[in-house]
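Please look through the model shown here, following the chains one at a time before turning to the place where they touch.

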Amino acid sequence: MRNIKTIFLREIRAYFNSPMAYIFLVIFAIINGYFFTNTFFLINQSDLRILFGIIPIVYLFFIPAVSMGLIAGEQNTGTIEIITTLPITNSEFVIGKFLAAFTLILLGLGATVVHFITLVYVGTNVDYGALFSGYFGLALIGAAYASIGTFTSSITENQVVAFILGVFVVLVFYLMDKMLLFVPSGLSGFIQYLSVEYHLSNISRGVIDSRNLIYFASVVGFFLFLTVQSIEVRKWR
Amino acid sequence: MTGLSKNFGSLEAVRSIDFEINDGEIVGFLGVNGAGKTTTLRMITGFLIPTGGTVYVDDLNILDHAYEIQKQIGYLAELNPLYSEMSVYDFLEFIADIRKIRGKQFKEALARVVEQCGLKGVVHRTISNCSKGFRQRIGLASTMIHDPDILILDEPVTGLDPNQIVEIRGLIKELGKEKLVLMSSHILQEIQVTVDRIIIIHEGEIVADGTNEELMSNFMGNVHLTMEVKDATIDSVSNIESAIPSVKFLNSEPKNGHQILHLEYSRENDPREELFKFAVDSKWIILSMNPHTANLEDIFRSLTVTGGANA
């Protein structure tokens, strides 16, 4: 547990000691702000539905960018040799890394609270429940994407490759819901269950069902498990 | 360790290596580039899993107890990877934290390694702004922060200037008094002056193992003696073998009116005293007498250039 914290804090510091975190936070805020305010005063609705629709799309590129260096960078500079020869398990290492990326994503999400405040001031009949569950859903989807990004970062030592693979896998999860037409009807229920959108839409409607929570927990668990395995496999080559 | 081996695909990097090291021993791992030194060290530290065989540390098997073994080992990797965006202090604190050295203990450990590795003045510098020599010492400091029983140093003195090399050498010797130190190098002189015992590895196999002296006596041929003498008659020269049986006469050549004699004798019985008496009796005047013993370098060359196994 303590080791996870050590890895986590080192990684957070690494984010903020480089331009990475600032660039991420600022651009994330600008893009979301632009798309939100663009239409917010035109449509005359007291909700953040537009924001909640945009953020998952922005995530598609931003989260793989945040996570691409997590492990690929260590493999590239060779510092992975320090880590794997220290008395620390691969799981502690991977979880610490994942939590660091996830924290940065939460900070980015936190920056959009400014729109929420705008809404509270200018809006009427604000549905706080829906807003809360909307943010909750975005946090969950951020965790799922971050676990995918952590995994793609572990299978290569090239950060660009990690990024591209990350975008691809995240995109597959994102689009699964929209590709149901092309899937044999017998499989469509299954594919739909795998899709991120399906679970997110439930949550953003305010229905926080244990099935949806289990789904996100399993996605995160599955990809972190793969990450641990992929680091372990390096020792055997 | 027993029957340790490692294959990379079809390449056999290390083939069935066996050796045992005890506390208080400084062992040098010597071999040309690509001999399998780093691969072997990486298997000992748990960075690579052996294809065959295993490593034991105090009866603990690396395959099952990597975590416990890694607690006792301090490992300096060959390329000395460091988190270059961190400050020296933060980096050492990070390593110490994982080693469960915190608070007051860390302050003490930090003071110790800063002193030992000569890091005073750079503690709060960012690692990327440190010179190669300092980076090497930072790496060394990070391997010693938990005062490990076993130090594994892969080419510890690369990139250091001669003064620093002498310092680090002294440090390694000091540490080796109570700890087990296993260091690798492809620089023979380095190994020779630092370690108690040398293991020469070539193409993934151990070709020699012993102290400096043992290696010398095992692998060295006869001593070749060059004598420059004046007033040596042909008769007296041809008598030399019968007068001193342990000497073998090779040939002689004239030089500036003197004679250069090439002689050979085995290392155990040094006949130089008798040779001197013989020369006096034969009324020679000895101008010089130079024995040439093969040195470790010759041994290393013969072992690693010619394939070595039967040298």
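A crossing of two helices is called left-handed if the near helix is turned anticlockwise from the far one by less than a right angle, and right-handed if clockwise, where helices (H or I, at least four residues) are DSSP runs numbered from the N terminus. This is a predicted model, in which local features need pLDDT of at least 70, side-chain atom pairs count only at pLDDT 80 or more, and totals for chains, interfaces and linings use all residues. Residues are numbered from 1 along each chain as its sequence is written, while chains are lettered from A and ligands numbered from 1 in the order in which they are written.

In chain A, α4(A) passes α8(A) in a right-handed crossing. The residues that make this contact (C-beta atoms, placed from the backbone, within 7 Å) are Gly69(A), Leu70(A), Ile71(A) and Ala72(A) on α4(A), and Thr150(A), Ser153(A) and Ser154(A) on α8(A).

In chain B, α3(B) is mostly covered, since 8 of its 11 residues are buried, that is, 20 or more other C-beta atoms, likewise placed from the backbone, lie within 10 Å of their own. The buried residues include Val88(B), Phe91(B) and Ile98(B), and the elements that cover the buried residues of α3(B) include α1 (2-17) of chain A as well as α4 (104-117) and α5 (132-144) of chain B. After α3(B) comes Lys100(B), whose phi is positive, near 65 degrees.

Where the chains meet, the contact takes 17 residues from chain B and 18 residues from chain A. On the side of chain B that touches chain A, α2 (62-72) and α3 (88-98) of chain B are the elements that give two or more residues.

Definitions and conventions
Contact = placed C-beta atoms within 7 Å. Buried ≥ 20, exposed ≤ 12 C-beta atoms within 10 Å, placed from the backbone.
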